[in-house]
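Here is a short report on a protein model. Look at the chains first, then read on.

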Amino acid sequence: MKHSPKLTGIIFVAVVLVIGLAMIPAVAEAAPKGKIAVVLDVGGRGDLSFNDMGYKGTDKAAADFGLQMVEIQSASASDYLPNVRNAARSKSFDLIISVGFLLTDAVAAAAKEYPDQKFMIIDSVVEAPNVMSIVFKENEGSALVGALAAMVAAHYGYPYVGAVLGIEIPVLFHFEAGYRFGIDWGNKAYAQEKDTNPNTGLLYTYTGTFSDIAKGKEATKAMLAQKAGLVYNVAGPLGIGDLQAITEDIKAKGKEAGPPFMIGVDANQDWMGDGHRVLASMLKRVDNACYNASEAVVKGTFKGGLVVMGLDVQGVGISKDPDLLDFMEFGIGAGKITAADKTKIVSNWKNMRAQVPSWIWNAVADLEKQIISGKISVPNANTLDEMKAVRSKYPLKR
Amino acid sequence: MQDREMGFAGRIEELNKTVIAGVVGFAVGALIMILYGYDPISAYTALFSGAFGDLYSFSESLANATPLILTALTFAIGFRGGMFNIGAEGQLYLGALAAVTVSLFHLPSGIGIALSIIFAILAGAIWSLPVAILKAARGVHEVISTIMLNWIAQFLAFYLIAKILVDPLRAEKTISVAEWGRLPLLVPGTSLSCGIFVSLFAAIIIYLLLWRTTIGFDIRAMGYNPLAATYAGIEKWKIILFVFITGGFTAGLAGAVHVMGRPPTYAVYGGMPSIKGLGFEGLAVAMIGRNHPIGIIFAAIFFGGLLAGGRMMQLFSQVPLEMVRVVEGTVVLFLAIPELIRFFSFLRKVRIPLTFRIKRSQNKEGRQL
Amino acid sequence: MNPGYLWGIFLGSLHAMVPITLASTGEVVGESAGLFNIGLEGIILLSAMTGALGAEAGGPIAGLIVGMGTGFAIGLVFGAICTYFKGVQLIAGVGINLFAAGLVTFWLIHLGVPGHHAVAEESMLVNISTPVGDFSPMILVAIVLPVLTYVLLFRTKLGLKIRAVGENPQAADVSGINIHLLRLFSTAAGASLAGLAGAYISVGWLGSVTKEISAGRGFIALATVVFSGLNPLLALLGGFIFGFFDNLAVWISTMPAVQQVIPWQFVSMAPYVVTLLVVAGVIGRARFPAAMGIPYERE
């Protein structure tokens with residue numbers, strides 16, 4: 001009895017080895033001109049926004065410059081440092097891109113240990129000569145969508161707008177701060193045009209997750225029940241749940257198109273919901289950031305330090321016509337829409353936007369100009385205390 | 001498991017079983033990899049070298065094993081006493097938070113570490129008290145009460161992390177364990193801290209406890225044969241209390257060593273992505289380690305190695321990290337079968353003395369849920 | 001508070017109730033026969049994935065059936081391990097959870113956009129629209145099934161046999177019942193309901209599959225089973241209670257005024273605290289079949 005199990009074990013291993021060896025492809029690949037690692041946090045891919053955009057940008061750079069891209073997922077927060085370190089240790093990557101604020105400590109530690117390795121981190125600042133820190137002015141972009149939301153809600157007769165957020169990290173405070181400012185500005189702009197201030201209020205919640213879609217759906221339903229006209233998704237994949245709630249609400253009224261609307265985030269999510277349920281998206285060009293960093297490494301112009309991508313360099317922005325087609329490819333890749341739907345979505349989208357009076361669009365464009373020129377400075381928040389200060393300045397309660 | 005009765009031959013049988021289960025686990029993993037076009041050879045090579053290939057990798061494996069040893073001990077102590085204590089998950093959350101709380105004060109290093117550990121241990125024990133009391137006084141099955149308390153602990157932890165212990169500068173996590181409260185790194189440039197010594201020490205203590213003390217004997221007796229043990233004068237409620245409190249100690253300690261020893265953050269994130277699941281993984285480790293402290297140490301290193309190696313596997317072979325879970329799951333699944341060897345054996349069943357067989361069945365029935 | 005809120009919370013609770021009630025009703029059957037399946041979480045997760053794939057191939061009903069089939073298959077494996085192979089149930093269940101978590105994440109990386117698999121609208125179950133909101137037909141299924149299960153367990157001969165096998169297998173064996181076979185099928189049938197629950201999540205409710213889509217509902221189902229004392233009708237109630245509090249917590253988190261008084265985390269805690277109290281107080285000694293959890297061996 002003692003030898004039998006061992007024999008069986010050996011047979012198993014042998015079989016596996018044989019099958020395995022047989023499967024090794026004999027084709028040699030063209031040697032890549034460089035390798036780039038992309039390290040993701042526990043949220044991972046599939047959010048149709050943040051992480052997916054990081055992938056998109058790096059992928060394009062890899063294609064354009066003949067690089068090999070290696071994606072590294074993290075199953076738990078304990079993986080952050082080992083993942084970044086492993087990539088650095090291997091000394092085989094020209095650049096290690098870390099997508100997300102949660103990777104800050106890991107990159108800071110690894111950058112110190114491997115001063116010759118080039119790092120890039122998104123949404124955070126790590127002060128080291130070998131780290132390029134790319135941050136975005138989400139508050140500026142959020143101000144634009146906030147203004148739009150307030151005016152559109154008032155136009156359609158809704159007393160509130162909503163925001164479904166994820167985890168209370170400083171990055172999300174940027175969104176909330178800008179959004180509040182924008183709503184307030186939108187109220188004032190509406191007052192100027194129509195002589196009464198609608199006092200659109202804000203309903204918001206931090207769901208505490210970047211992955212539980214059901215929470216997004218429920219939070220949005222709660223806001224819709226309290227008569228929110230637009231809901232801003234600031235929690236990555238939760239937007240899927242948000243949109244479901246909005247769609248159900250729309251269909252219950254016997255309609256196909258909003259209001260109520262969702263506001264997308266990071267990627268252009270306007271194509272979701274058949275093109276007429278997401279009014280606009282707050283674009284955060286993570287893909288451009290990754291592309292630029294990769295390009296810099298290839299061309300030898302990589303520099304450590306802070307890169308701020310704001311409205312002026314189109315690092316953030318409100319979704320417009322040309323972006324729509326580009327990002328529909330996202331949706332097709334995810335299996336959510338098919339290529340055949342494209343024309344229908346575009347025409348729906350145009351209708352949806354046309355129904356919003358042009359003075360509102362002009363006002364938003366005006367706000368954009370003023371922010372870019374520096375005339376208006378959008379408040380920001382990085383810590384809980386700063387956020388509380390902004391909240392008391394723009395309470396947006398009714 | 002039944003080491004005394006089985007003797008040496010029995011231990012070899014258990015070891016064989018573990019090895020077979022391991023082989024099957026890896027085979028299944030390889031099969032799935034092949035089905036999806038991955039290369040299992042390069043994947044497993046990366047896996048093993050990433051787990052044990054050099055000092056760095058081995059340190060990472062040990063770092064992962066550190067809390068697993070402790071949560072496995074929690075389960076194992078219970079199992080030896082005839083109970084299923086799966087409350088390590090909730091207890092470790094609170095243990096970690098208790099350790100963090102000590103950092104709210106200012107203390108010199110030695111005292112700081114000691115106090116953090118004590119707080120954590122107490123937190124774990126306090127959380128396991130209701131389980132013990134409910135079982136002893138009201139006969140509530142511990143699987144149920146621990147599942148409930150695990151959930152309650154999770155939400156309580158969410159609240160504490162978001163509102164009470166939150167770091168004012170970085171709202172996504174608790175305050176970090178202060179510099180003086182951190183366990184020093186054992187191998188610089190890795191994640192391995194001196195916490196591993198704490199875990200090994202705890203394993204040794206538990207071993208001595210169970211096999212070299214009277215109370216340990218009583219616990220194991222209660223596990224083998226509750227009726228006979230009670231008849232012999234061992235009081236069940238004492239055993240219950242002791243088993244759960246000790247289990248709470250180790251589980252709380254697991255939370256503490258993790259948060260005090262794990263660079264770079266030394267804090268608990270909102271949503272607890274770094275400590276969630278350590279309790280249930282400890283369960284699997286305990287099973288693979290056959291509920292014996294020595295076995296647990298090896299099993300924990302194995303699990304820790306799979307995790308560390310899995311990261312390398314992802315890096316070099318682009319096989320997703322989760323393949324490791326598939327292997328783990330299959331191994332555990334197969335280990336659930338006590339007759340595993342017989343299943344694979346091509347020989348006829350060996351005749352075992354009748355008394356031995358009855359004792360074996362009774363042991364299983366007495367202990368299991 | 002206007003009626004809109006209350007309806008919203010009520011309907012949301014009904015939707016959240018479906019997977020919990022289905023899974024727990026199935027587990028009631030399994031536990032009545034004597035097998036404790038802690039692997040429900042893994043079954044739900046895996047079925048969510050297979051159900052989504054099935055729906056894309058053949059429509060929503062196909063998806064639900066594929067999900068049920070997945071649950072049934074896993075239930076068979078689990079049952080076989082725990083009956084014929086005399087395996088330890090808790091361990092086998094944990095193995096299932098680990099395996100499912102790994103496999104689903106692995107699959108997600110492979111199919112379409114990694115991390116998230118979206119179920120196209122056409123493949124989703126159509127909801128019934130009412131003036132107060134949308135109703136999934138599965139809600140009706142989730143109400144009817146526990147009733148049918150109750151009838152099965154307590155009013156039919158088969159149900160009597162199932163309960164006998166869980167309560168006193170030796171006596172049942174003597175009277176000619178095939179213990180292993182009956183336990184195997186009870187657990188497999190029960191697991192198929194868990195599979196239906198998983199498929200509902202992806203095909204009928206949330207329309208997507210992520211690696212955390214099951215969100216602990218398997219464990220909530222186990223808690224509900226305890227709460228129900230192995231009575232399917234109470235499992236229905238329990239499912240609703242859990243769904244209700246879960247929903248309530250999210251709604252409360254959007255109302256700052258209420259949040260000051262009671263943070264949402266405590267609302268989420270409520271059903272577990274209640275269950276604990278119920279188990280400790282009202283029911284007294286937890287009433288499980290005497291032979292639950294023990295592999296049956298003929299002496």
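How many residue pairs are in polar contact between chain C and chain B? The count is one residue pair, with both residues at pLDDT 80 or more. Keep in mind that this is a predicted model.

**Where chain C meets chain B**

The interface of chain C and chain B has zero salt bridges by the rule used. Three elements of chain C each give two or more residues to the side that touches chain B: α4 (89-110), α9 (217-228) and α12 (264-282). The largest share, 16 residues, comes from α4(C). By type, this side of chain C divides into 37 nonpolar, twelve polar and four charged residues.

The contact takes 53 residues from chain C and 52 residues from chain B. The size of an interface is often given as the accessible area lost when the parts come together. Between chain C and chain B, the buried area is about 4,900 Å². Carbon and sulfur atoms give 79% of that area. On the chain C side, I91(C), L98(C) and F106(C) lose the most area to chain B, together 14% of what that side buries.

**Salt bridges**

Side chains of opposite charge can pair when their charged atoms come close. Over all chains, a search of the whole structure finds 26 salt bridges. Here are some of them.

| Pair | N to O distance |
|---|---|
| R85(A) and E113(A) | 2.9 Å |
| E138(A) and K284(A) | 2.8 Å |
| E235(B) and K238(B) | 3.1 Å |

Start with R85(A) and E113(A), which form a salt bridge. R85(A) lies in helix α3 (residues 80-89) of chain A and E113(A) in helix α4 (residues 104-113) of chain A, so the pair ties together parts 28 residues apart in sequence. R85(A) counts as buried because its relative accessibility is 2%. E113(A) is partly exposed, at 33%. Both residues also belong to a network of salt bridges with D79(A), E60(B) and R311(B).

Now take E138(A) and K284(A), another salt bridge. E138(A) sits in helix α5 (residues 138-156) of chain A and K284(A) in strand β10 (residues 278-284) of chain A, so this pair ties together parts 146 residues apart in sequence. Are these two buried or exposed? Both E138(A) and K284(A) are buried.

In chain B, E235(B) pairs with K238(B). E235(B) is partly exposed, with a relative accessible area of 37%. K238(B) is partly exposed at 42%.

**Nonpolar cores**

The largest nonpolar core has 182 residues. F75(B), M260(B) and V268(B) have the most contacts inside it. A second, separate core has 147 residues, including V152(A) and F175(A).

Conventions: Residues are numbered from 1 along each chain as its sequence is written. Chains are lettered from A and ligands numbered from 1 in the order in which they are written. This is a predicted model: local features need pLDDT of at least 70, side-chain atom pairs count only at pLDDT 80 or more; totals for chains, interfaces and linings use all residues. Side-chain values use heavy atoms; hydrogens and water are left out. A nonpolar core is a set of buried Ala, Val, Leu, Ile, Met, Phe, Trp, Tyr and Cys residues joined through side-chain atoms within 4.5 Å. Buried means under 20% relative accessible area, exposed over 50%, partly exposed in between (1.4 Å probe, protein chains only). A salt bridge is a side-chain nitrogen of Lys or Arg within 4 Å of a carboxyl oxygen of Asp or Glu. Helices (H or I, at least four residues) and strands (E, at least two) are DSSP runs, numbered from the N terminus. Contact means heavy atoms within 4.5 Å. Buried area is the accessible area (1.4 Å probe) that two parts lose on being put together, summed over both. A polar contact is a pair of N or O atoms within 3.5 Å; within protein, one must be able to donate a hydrogen and the other to accept it, and residues adjacent in sequence count only if both atoms are side-chain atoms. Ala, Val, Leu, Ile, Met, Phe, Trp, Tyr, Cys and Pro count as nonpolar, Asp, Glu, Lys and Arg as charged, and the others, Gly among them, as polar.
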